[in-house]
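Reader: I'd like to go through the labels on this one and hear what backs them up. Can we take them one by one?

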Amino acid sequence: MPFSHTKVVGPAGRFGARYGMGVRKKVTQIEVKQKGKHKCPMCRSVTRMIRIAFGIWKCPKCGFTFAGGAWIPQTSLGKTFTPEELKAIEMEKSKWKELIKKRKATE
């Protein structure tokens, strides 16, 4: 392999000496997370997700399209739920609604 100019900044080496070191390091951190392997919420396979648009991701294996973060598929606040997790949440909601109806009926 020939001499590499990107040992420190990785993928941001394409910018050369432009934009400053801090900005290039931030770009590297974002791109490494973005292009890394993530778990698909549908098929649970660990692959490199395809970013279709800002916050829209697609699994290359099963073809499932879902909304996620701008730079990474899953975020801590906007977690993408699997269908099984959504069913469990809906079951909990229905139990709470029934409990509330019973309490109102007894009052």
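This is a predicted model: local features need pLDDT of at least 70, side-chain atom pairs count only at pLDDT 80 or more; totals for chains, interfaces and linings use all residues.

Reader: Fine. With that in hand, what is Glu31 in contact with, leaving aside its neighbours within four places in sequence?

Author: Pro11 and Arg14. Glu31 itself is found in helix H1. As for Ala12, it is 19 residues from Glu31 in sequence, and the C-alpha to C-alpha separation is 8.6 Å.

Reader: Why is Glu31 called buried?

Author: Buried means under 20% relative accessible area. Glu31 has 15% relative accessibility, so it counts as buried.

Reader: And why does Thr28 count as buried?

Author: The cut-off is again under 20%. Thr28 has a relative accessibility of 13%, so the label holds. Thr28 sits in helix H1, which covers residues 21-35. Setting aside neighbours within four places in sequence, Thr28 is in contact with Val9, Gly10, Pro11 and Ala12. Pro11 turns up for Glu31 as well.

Reader: What about Phe54: why is it called exposed?

Author: Exposed means over 50% relative accessible area. Phe54 has 63%, so exposed is the word for it. You'll find Phe54 in the loop between strand E3 (50-53) and strand E4 (56-58). Together with Ile30 and Trp71, Phe54 makes a nonpolar surface patch of about 340 Å².

Reader: What makes E3 and E4 a pair?

Author: Two strands pair if there are at least two bridges between them. E3 and E4 are joined by three bridges, so they pair, and they run antiparallel.

Reader: Then why are E3 and E5 called edge strands?

Author: The open sheet has three strands in the order E3-E4-E5, paired antiparallel. E3 and strand E5 (65-67) each pair on one side only, and they are the edge strands. Neighbouring strands of this sheet are turned by 35 degrees against each other on average, direction ignored.

Technical notes. Residues are numbered from 1 along each chain as its sequence is written. Side-chain values use heavy atoms; hydrogens and water are left out. Patches are made of residues with over 30% relative accessible area and no salt bridge: like charges are joined within 9 Å, nonpolar side chains (Val, Leu, Ile, Met, Phe, Trp, Tyr) within 5 Å. Accessible areas come from the Shrake-Rupley method with a 1.4 Å probe; for residues, only the protein chains shown count as cover. A salt bridge is a side-chain nitrogen of Lys or Arg within 4 Å of a carboxyl oxygen of Asp or Glu. Helices (H or I, at least four residues) and strands (E, at least two) are DSSP runs, numbered from the N terminus. Buried means under 20% relative accessible area, exposed over 50%, partly exposed in between (1.4 Å probe, protein chains only). Contact means heavy atoms within 4.5 Å. Axes are lines fitted to C-alpha atoms, for helices over the stretch in contact, and angles run from 0 to 180 degrees between N-to-C directions.
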